Amino acid sequence: MSATAAIPVRERAGAARRDPRALVLIGVTVATILLVGLVDHGFMSLQNLRFMVLNCVVLSLLALGQTLVIATRGIDLSVAPVLGLSAMVTGLMAQTGGLPLLGAFGLALAIGVILGTLNGLLVAKLAIPPIITTLGTYSLYSGLIFLYSDGTQVTSVPAAYAALGNGTVLGIVPIPVLVLGAVLAAIWFVIGHSRFGRAILAIGNNQAASYNAGIPVTATQVGAYAVCGVLAALAGLMFVSYTGSATVTTGTGDHMELQSIAVALIGGTAISGGRGPVIGSVLGALFLSVVLTALVFVHVPPIWYSAGEGLMILIAVTAGSRRTA
Amino acid sequence: MPESVAHEAGSGVYRARGITKNYGPVAVLRGIDVTLEPGCVHTMMGENGAGKSTLFKVMAGLVRPNGGTLAIDGDAVSFAAPHEAHARGIYLVPQEPALMPELTVAETMFVGQLPTTTGLVKRIDWRAMRSRARAALDTLSLDIDVGALSRSLSIAQQQQIECAKALLRGCRVILFDEPTSPLTTHEVEHLFATMRHLRDEGYTLAFISHRMDEVLEISDHVSVLRDGMLVDSVARPQFDRTRLLSRMVGREMRTIPRRSWSCATDQPALVVKGLAHGSRFADVGFTLHRGEILGLAGLVGAGRTEIAETIFGLRARDSGSVTLAGEDISTLQTHAIIERGLVYAPEDRARHGAVLPMTIAQNVTSGLISRVRSRLGLMDHADEDRIGAETVRRYRVRCAGTDQTLRELSGGNQQKVVFGKWMGLSPSVAILDEPTRGVDVGAKDEIYALIEELAREGMAILVISSEMEELVRLCDRILSVYEGRIVAELSGEAITPERVGRSYLGHAEAQDGVEVAA
Amino acid sequence: MNDVAPALRNEVTARRGRTRRLPLGNWERALLALLLLLTAGLIAGVPGFYPGFAGFLALTENFLPFGFVALGLTTVILTGGIDLSVGAIAGLAAIVMASLWSGLHVSIWLSALIGLLAGGLLGLVNGLIITRLRTEPLIATLATSFIYGSVGVAIAGDNPPSGFPDAFNRVGTGAIGWLPVQIVLFAILAVLFSLLIGRSTFGRRVVMIGYNTDAARYSGVRVRQVLTLSYVISGTMAALAGIVLAAYYSAVRPDMGDLLLLSTITTVVLGGVSIFGGEGSIVGVVIAVLLLGMLRQGMLIAGFSDMVTTMLTGAILLGAIAVKNLFAGRGTGLSTLLGRFRRSGTAPAE
Amino acid sequence: MKISPISRRSAVRAAIASLPMLACIGLAAQAADIDTAKRIKVAMVPKLIGLSVFKANEQGAIAAAKTLNINFLYTGPVTASAQGQVDVFNSLIARRFDVITTTSNNPTQLAPSLRRARKAGIKVVSYDSDVAADARDFFIQNTDYAEFGKALVESVAKYAGPKAKIAILSSTPDATIQNEWIKALTAYMTATYPDMKIVTTQYGQSSPSQSLTAGLNILQANPDVTGIIAPDGAAEVGAAAAVEKLGKTGKVFVTGCSDPDSIRQYVKSGIIKASPLWDEVKEGALVMYVARLAANNAIEPNGSFTAGDLGDFTAKDGVIVFSKPLVFDATNIDQYKF
């Protein structure tokens with residue numbers, strides 16, 4: 001054995017490397033709150049803070065799913081109609097049929113799994129590019145909303161649902177935040193500490209190599225889209241519980257699919273796949289919610305809100321690329 | 001068949017019988033019989049397209065054969081996917097290893113079989129993963145941080161990681177698909193040390209290479225493939241350079257010595273002064289004359305490609321000047337540099353040199369699209385075909401027609417197209433980066449002849465190569481580059497493989513010594 | 001394929017193959033056959049679909065604006081990029097035109113020209129963000145679509161202008177004899193784009209970048225410049241669509257272009273353009289524009305609801321690309337073939 | 001979801017434009033009993049299908065269509081877009097419908113297509129949100145704008161007081177009918193309650209979630225607001241939900257224009273004390289009567305007619321005002337289900 005030669009390692013990063021993006025997001029969010037809070041103390045009120053958090057729950061759930069799918073080097077445009085369909089179906093069945101809350105969870109789960117799996121199968125089995133697959137299913141799933149609702153809409157939900165959307169535990173912690181926390185913890189565990197999650201990242205890094213190494217590529221891809229579907233459906237249930245309403249344009253009308261992508265990007269997800277900063281995604285949604293509320297407080301005319309959002313995406317992404325380049 | 005190393009049953013005799021493989025009407029393998037023995041390095045030689053890689057892919061489960069059988073230790077096996085081959089102890093180390101850029105080294109090694117904790121919730125056992133990864137690397141005496149991100153690894157390191165992956169998966173049969181071509185001499189030595197170590201431990205190793213010296217150095221057994229058939233298979237004492245070469249190309253060949261003539265002039269064609277960029281290279285200066293073939297020798301990663309790309313306007317420079325025929329071109333963009341008569345044929349054909357899904361004709365004209373005759377702003381496709389056909393003829397590209405996509409050609413023919421693309425512009429200066437990488441022996445000689453012919457026509461040529469033989473054979477003068485600086489210049493009789501090697505390896509060893517001491 | 005086995009052949013051949021020079025590839029021919037079948041079927045089976053030749057041609061007015069956007073977007077998608085801001089640009093350009101006309105009393109034609117330039121300018125901004133800030137096209141144009149949308153709403157105010165001069169409205173709904181102006185405009189542009197992509201050096205560079213950006217750069221292609229220009233083209237065509245829509249409606253609205261985006265991507269992809277760049281042709285896209293347009297108009301006239309029509313379009317997109325994938329790689333090289341033998345399909349290892 | 005138009009100017013223009021034509025064909029229009037001998041095809045095209053307000057119109061229309069021998073079709077786009085509506089119109093023209101009735105996403109964009117319909121001999125009746133006056137034969141206006149503005153102001157003034165700080169939550173900045181109402185209510189407010197003040201105007205894009213967020217933001221950023229006027233279906237619900245979530249029930253009062261089903265819970269909880277609208281179901285029926293009469297050429301742009309048990313109506317310059325505002329409150333809301 002002559003080979004003791006040291007091959008220099010150019011970069012020693014350490015396994016437990018931190019995602020700087022999360023820290024940056026926390027920093028700018030806190031800074032925004034403090035700055036705007038100085039101008040208007042109402043902004044820093046506990047109640048306002050609570051609502052800024054509440055407002056980002058639905059989008060956070062979507063962004064978490066989107067993050068998983070983007071991590072496989074995919075994209076899911078159909079989250080918006082999946083959200084809408086779930087909100088419509090659970091909401092209407094609760095409104096007219098008295099569907100118990102547990103049943104609604106089951107129903108949302110089923111909707112999410114079925115629609116998400118269909119996306120996944122089209123991507124993984126038929127090798128249709130993700131953006132095209134979900135563009136196609138976007139139309140299909142939107143149609144389902146119309147078919148199901150047939151012109152009726154959700155105008156109020158039973159008390160159990162309202163409690164899910166608006167209640168608090170011990171009068172302090174809002175239930176939606178708990179739900180989001182639980183989902184975030186679960187997804188964080190999956191992406192960080194489960195074989196399935198690591199397989200998602202491996203596929204995003206190098207699909208062919210993952211296949212060669214024995215990772216069940218098809219199943220993992222389908223799984224990622226299924227989870228994304230489930231989260232979108234859960235977001236739909238949370239939406240209908242929180243707002244007490246759902247119409248045929250819920251989700252699609254607000255371009256939730258683009259919003260969720262935007263939030264994931266702000267959170268540090270790379271569109272080229274292989275990274276899954278789940279905490280960043282939620283922070284991104286929170287940051288967006290804080291900034292959009294801040295715009296109201298500092299009296300920016302409403303027509304400029306979406307421009308503000310566009311600028312945020314640009315800043316977040318270009319700042320990110322500088323750091324990783 | 002050498003039975004030199006005693007081994008027990010079940011230790012890794014891998015036998016292939018009558019392997020055939022067709023792609024459509026094209027037969028790539030036509031009934032190959034091969035037996036890999038434990039404790040033995042078995043080398044596959046052959047020209048590009050002879051079927052070596054395909055054979056390995058069949059044996060490792062990446063490609064399904066059309067016919068034939070595989071047997072490991074006497075058990076018939078067939079694989080639907082590589083991981084099934086891994087399970088039977090067979091591992092293929094690809095030439096360009098499968099990188100997981102965003103994952104750590106340890107995780108890359110365990111991809112597909114991350115260890116989990118036992119218990120109700122099975123989570124990844126990161127600690128076990130790291131320590132086992134560490135242990136595997138230690139077995140191979142590799143000093144790589146398992147916590148580093150994979151994207152920070154060099155190709156050599158990635159190959160070592162692949163070896164370690166084979167060990168981790170308990171594989172006894174390890175196939176190396178042309179591992180050395182992207183490596184420097186130094187790295188090759190390191191890889192060979194690893195291979196010898198594994199061989200002595202009783203592993204079954206197989207290896208593809210184009211480099212005769214390497215083959216002679218490492219092999220216990222050599223098989224030669226030609227046109228999908230096994231034409232020779234000999235154990236160590238019986239093979240020699242001439243025999244193997246003649247078997248490969250199917251005709252008698254002899255190693256051609258360094259050419260005796262030179263047509264170098266003293267008219268400067270390209271003058272580089274004080275070129276520097278960050279930590280990549282500094283103070284690079286040289287003059288390239290008309291008719292001269294100047295070599296840039298050095299390790300991969302020494303900065304030679306970066307220097308060339310900087311001259312070609314692809315990279316930013318911090319300081320220095322580049323003068324082409326009296327004109328300063330250091331601030332020009334690539335297209336303007338091309339128009340002024342300097343061209344650069346990059347090292348990595350598939351990524352930089354050619355557009356594989358485009359046709360031969362389109363690739364030929366891609367260096368200067370405006371050379372195709374245009375009327376009213378519309379390209380004349382007939383003229384483009386004519387240019388393509390001319391190139392095909394002149395550089396003897398073997399193809400079905402100029403409308404064939406480059407993807408369908410062999411490596412050597414692709415390289416000829418890339419050559420034709422640049423030389424068709426009649427440049428005054430050509431920079432050729434690893435001009436024969438991935439090119440088989442027969443085509444190599446053709447390419448050497450082409451380069452010499454161009455020099456005779458007065459072109460100034462800068463050749464970057466990691467193959468000592470190539471530099472010695474071609475160059476009038478050689479500059480050695482080490483860590484971004486020119487450290488030696490050799491010319492005339494001083495150009496011998498030993499001296500060229502020493503001119504930069506001397507630095508490398510000295511540096512390593514310092515590192516070890518420190 | 002059967003000519004490859006290179007070692008066996010020593011004589012040099014430099015001829016063209018038989019297939020590639022035909023104006024239509026397999027995909028385009030399949031689309032064309034489908035279009036003819038569909039049109040014939042609709043004419044025969046759906047009363048009211050063919051109200052006479054002029055009326056039949058006039059049907060195209062309802063969907064050709066999508067075609068204008070598709071032509072520009074094809075250029076961008078061929079480079080391997082995407083432009084999500086086409087809808088916002090269409091709306092904003094139309095608003096700019098209408099506001100100049102009604103607010104500053106600029107002639108409508110001059111205003112339209114300025115609107116077009118504005119579209120080009122917005123595309124330029126996209127291109128610069130993408131090339132200078134090195135931002136993914138998807139992200140950059142998503143962001144600018146938000147911004148352009150805001151600007152459009154801001155300029156439009158609460159009562160966007162309408163009621164343009166008749167001469168201008170004829171661009172959207174008028175006809176020259178029995179030939180609708182939109183068809184004339186579209187035909188001219190389709191030919192121009194076909195030449196631009198297929199025959200010009202710019203088009204060649206676009207395709208090179210789409211297939212292999214690095215190789216293009218190493219061949220001296222000014223990648224940033226070509227990319228930027230392709231976004232300018234996309235922006236200009238989106239603006240043209242916006243202006244034609246303005247003439248068609250004789251009115252403008254900031255959200256006028258919202259519907260354009262997803263339908264146009266569908267059209268371009270159905271037309272055979274690879275979302276990864278490089279592969280595709282204008283002819284295919286033109287046929288796809290007509291195919292999807294005729295299908296939609298025909299289904300609506302046949303009494304199907306917008307919902308069914310929309311769902312069917314989605315299904316057709318999925319079906320078409322699935323079919324295309326199944327047949328892709330037939331006779332186009334080893335690696336694609338190899339890819340098909342692997343189950344995962346999309347990323348064949350070399 | 002009430003994006004709707006009509007400028008008085010265009011109404012006048014419409015009258016001028018349509019007068020000569022209708023004058024020569026509108027002869028025997030006096031008949032109180034309507035001639036239903038010939039079966040006619042009438043389409044109702046809402047802004048988008050799948051919204052319950054428009055379904056309420058449909059509900060009334062279906063019932064009326066039966067008695068009027070109308071072959072009735074309810075169809076529309078799946079997005080609230082002019083393009084979608086125009087595609088539907090074009091198909092209806094090709095299918096030779098006798099009457100197209102529509103509530104438009106946009107006053108101007110639909111006009112060319114509807115003009116073409118009229119040229120093809122199809123009668124066009126707009127309701128709820130008007131189109132350009134020369135692009136339709138008749139427009140059924142929900143209520144008089146001034147009266148509706150007054151009703152909106154009164155619905156909060158009584159509870160929030162004459163010096164209340166008011167926020168407006170509308171749909172989009174260019175929604176014509178909303179802008180008309182806002183204009184009318186501002187005028188009424190200045191005249192009647194000079195101490196009332198509008199502190200902010202925000203938009204919910206007719207989206208429930210954006211309306212809710214906007215509502216929350218209004219109340220957080222303007223803690224002194226005691227009344228929200230949200231003249232849009234989604235906006236009123238969003239504003240009311242925001243008040244409820246912030247626990248400001250009884251301190252902030254909301255009004256707007258939503259169908260009773262949507263706001264029932266908020267009316268009962270006292271967040272919405274009063275909310276004006278009109279009877280959407282009956283309006284749908286009136287649309288069918290006008291369609292039938294228009295197809296029979298039995299109605300004039302200026303004149304009166306009887307629409308079965310809906311009663312007598314008067315057309316003025318082609319505009320028919322459907323009813324006075326119908327104000328829902330805790331006492332009457334359960335009588336209305338749509």
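Modeller: Two residues are in contact if their C-beta atoms, placed from the backbone, lie within 7 Å. This is a predicted model, in which local features need pLDDT of at least 70, side-chain atom pairs count only at pLDDT 80 or more, and totals for chains, interfaces and linings use all residues. Residues are numbered from 1 along each chain as its sequence is written, and chains are lettered from A and ligands numbered from 1 in the order in which they are written.

Biologist: How many residues do chain D and chain C put into their contact?

Modeller: Chain D contributes 26 residues and chain C contributes 26 residues.

Biologist: Which helix gives the most on the side of chain D?

Modeller: On the side of chain D that touches chain C, α3(D) gives the most, with nine residues. Helices (H or I, at least four residues) and strands (E, at least two) are DSSP runs, numbered from the N terminus.

Biologist: Turning to chain B, what is the strand order in the open sheet of four strands?

Modeller: The order is β12-β11-β14-β15 (chain B), with antiparallel pairing. Two strands pair if DSSP finds at least two bridges between them.

Biologist: Which strands stand at the edges?

Modeller: β12 (281–289) and β15 (327–328) of chain B do; each has a single partner strand, so one side of each is left without a neighbour in the sheet.

Biologist: How many bridges join β14 and β15(B)?

Modeller: Strand β14 (residues 319–324) of chain B pairs with β15(B) in the antiparallel sense over two bridges.

Biologist: And which residue stands opposite B:Leu324?

Modeller: That is B:Glu327, in β15(B).
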